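Here are my notes on the model, for when you have it open. Have a look and tell me where you disagree.

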Amino acid sequence: MSTTSEQYRTFTQPVPNEGDTGEWKPTRTPHCMVVGADRADRDHAIAKIIADLRHANWRVLHADRTAEIVQDIQIAHDVMTQRYARMQETSPAACDEDCPVVLVVDEYSELVAAQRSVPADYDHESLLWRISDILHLGRAARVHLLLGSGPSLFEHVLPSMADGIVYANVAAPAPIGASR
């Protein structure tokens with residue numbers, strides 16, 4: 001079973017928002033970043049989103065080991081590049097019936113800061129370039145990012161990328177009168 005153009009266009013994913021629920025509409029805001037200090041809360045929120053995306057017949061690229069993450073980033077970028085080539089050869093609507101793809105990077109800030117070791121046969125800058133490329137161009141090719149990170153993530157997001165990302169904050173709301 002595949003995701004039809006109409007199902008994709010109207011797809012809305014509930015996401016946590018400081019103890020409440022927000023929403024991610026990938027056709028409007030192509031990427032989602034799950035943020036929170038507690039990794040277990042982030043992992044739980046990401047697992048729920050992944051389950052919903054799979055239920056909606058999206059292709060989910062999700063790995064825990066660094067070598068597999070690097071491979072998934074390459075696959076997602078290749079899919080995007082191939083779809084763009086097809087759109088240029090035929091029409092902008094050429095990918096309208098293609099299966100949406102979401103690349104999941106659980107600990108984005110660690111990957112960007114190179115705290116995870118990238119395999120020797122892979123250039124870290126090239127890896128970050130591919131992620132940036134997907135952030136900027138993925139929507140038209142139905143290629144999306146689901147990123148997870150601790151609160152330090154904001155130092156790794158360029159202002160030009162921020163408009164294309166829905167932030168899902170898994171932190172509970174602060175009690176009244178408390179400061180954040």
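1. Start with aspartate 98, which is buried at a relative accessible area of 16% (buried means under 20%, with a 1.4 Å probe and protein chains only). Aspartate 98 sits in the loop between α3 (66-89) and β5 (101-105); helices (H or I, at least four residues) and strands (E, at least two) are DSSP runs, numbered from the N terminus.

2. The side chain of aspartate 98 makes a polar contact with that of arginine 86, at 2.3 Å (a pair of N or O atoms within 3.5 Å, one able to donate a hydrogen and the other to accept it; residues adjacent in sequence count only if both atoms are side-chain atoms). Beyond four places in sequence, aspartate 98 is in contact with Arg83, Arg86 and Arg142 (heavy atoms within 4.5 Å).

3. Now the inside. The largest nonpolar core has 26 residues, and Leu103 and Val143 touch the most other members (a core is a set of buried Ala, Val, Leu, Ile, Met, Phe, Trp, Tyr and Cys residues joined through side-chain atoms within 4.5 Å). Helix α3 gives the most to this core, seven residues. Apart from it lies another core of 20 residues, including Cys32 and Val104.

4. A word on confidence. This is a predicted model, where local features need pLDDT of at least 70 and side-chain atom pairs 80 or more, while totals for chains, interfaces and linings use all residues. Residues are numbered from 1 along each chain, and side-chain values use heavy atoms, without hydrogens or water. The chain averages a pLDDT of 80 (the predictor's confidence in each residue, from 0 to 100).

5. Over residues 173-180, pLDDT stays under 50. Where pLDDT is low, the predicted coordinates should not be read in detail.

Conventions
Buried < 20%, exposed > 50% of the residue type's maximum accessible area, 1.4 Å probe, protein only.
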